[in-house]
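Work through the exercises below with the coordinates open. Each task is followed by a solution in steps.

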Amino acid sequence: MSDRKLSGQFFDAAIGLLQQVRDEEAENIESAGALLADAVAGGGRLFAFGAGHSSLAAQDVVYRAGGLALMNLLAVPGVVGVDVMPATLGSALERVDGLAAAVLDSSPLRAGDVLVIISLSGRNALPVEMALNARALGVKVIGVTSVAYATETKSRHVSGTFLKDHCDLVLDSKIPVGDAELTLDTVPAPFAPASTVVTAALMQAVMATAAGALADRGIEPPLLRSGNVDGGHEWNGRVMEEYGDRIFYRR
């Protein structure tokens, strides 16, 4: 097979997953957008968390042109990305019991807020305990995960449960276990993961839905504009001044 043909196969696989998520998760996406709009309208704050590569989709909706200014990243040192050395430490920290409680205790999260937890497998202790502890605080939790992992793998949390079991709402990314879309006779392992593409699109669909839901209620969505267009900085300054008490990435 030529590299070009493999590239086309990857695009086809990613497009197929995006279409599946669009069609099968439409109702849940609407509900997730409504939850975010409820929080914004009610004075709540918005947070997103993900570990490892799942963090990429969380970061993509924080301080983003065209995105909601109130979306904050709930960062856990050492698990946000591959910048930690060794990179394998991040994966190890996801399995540490009690870490989520310590993070939430020192975070600004409070009752009435919404936390989006992104975890492809949803099987590790960190996302499970993050959801458990956040809900105990009165925080609404949206889980973005591949539900297939709950039937094809075992939980690594002492409860034997998965992220999906502790959320107010679950968005299923439909990513197959192993997160690799292509195989080749001459390559011993499956390759070409699509979870980042799909999960990032899923998150942006929720953000778009929330913006529309706010507008339908007569509330101007607190959206950011690109700083690379004329007037963008001035626009963002106004939004951040109005909602400064709910924006934590500037502090």
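A charge sits over a ring if NZ of Lys or CZ of Arg is within 6 Å of the ring centre and within 35 degrees of the ring normal. The model is predicted.

**Exercise 1.** Find which residue has its charged end over the ring of Trp235, and give the distance from the ring centre.

Solution. Step 1: the charged end of Arg225 sits over the Trp235 ring, 3.8 Å from its centre. Step 2: Arg238 also lies over the face of Trp235, at 4.5 Å from the ring centre.

**Exercise 2.** Classify the aromatic pair of Phe47 and Phe248, and state where its two residues lie.

Solution. Step 1: the count of aromatic pairs comes to 3. Step 2: in the pair of Phe47 and Phe248, the centres are 5.7 Å apart with 25° between the planes. Planes under 30 degrees apart count as stacked, and this pair is stacked. Step 3: Phe47 belongs to strand β1 (residues 46–50) and Phe248 to the segment after α9 (232–242), so the pair ties together parts that are 201 residues apart in sequence. Step 4: buried means under 20% relative accessible area; Phe47, at 2%, is buried, and Phe248, at 19%, is buried as well.

**Exercise 3.** Describe the largest nonpolar core and the contacts of Leu46.

Solution. Step 1: the largest core has 48 residues, and Leu46 is one of those touching the most other members, including also Leu36 and Met71. Step 2: helix α8 (residues 195–216) supplies the largest share of this core, 8 residues. Step 3: leaving aside neighbours within four places in sequence, Leu46 is in contact with residues including Leu36, Leu68, Met71 and Val114. Step 4: another core, of 22 residues, lies apart from it, with Ala100 and Ile117 among them.

Technical notes
Residues numbered from 1 in each chain as written. Predicted model: local features only at pLDDT ≥ 70, side-chain atom pairs only at ≥ 80, totals over all residues. Heavy atoms only, no water. Phe/Tyr/Trp six-rings, centres within 6.5 Å; stacked < 30°, edge-to-face > 60°. Helix = DSSP H or I, 4+ residues; strand = E, 2+ residues; numbered from the N terminus. Buried < 20%, exposed > 50% of the residue type's maximum accessible area, 1.4 Å probe, protein only. Core = buried A, V, L, I, M, F, W, Y, C linked by side-chain atoms within 4.5 Å. Contact = heavy atoms within 4.5 Å.
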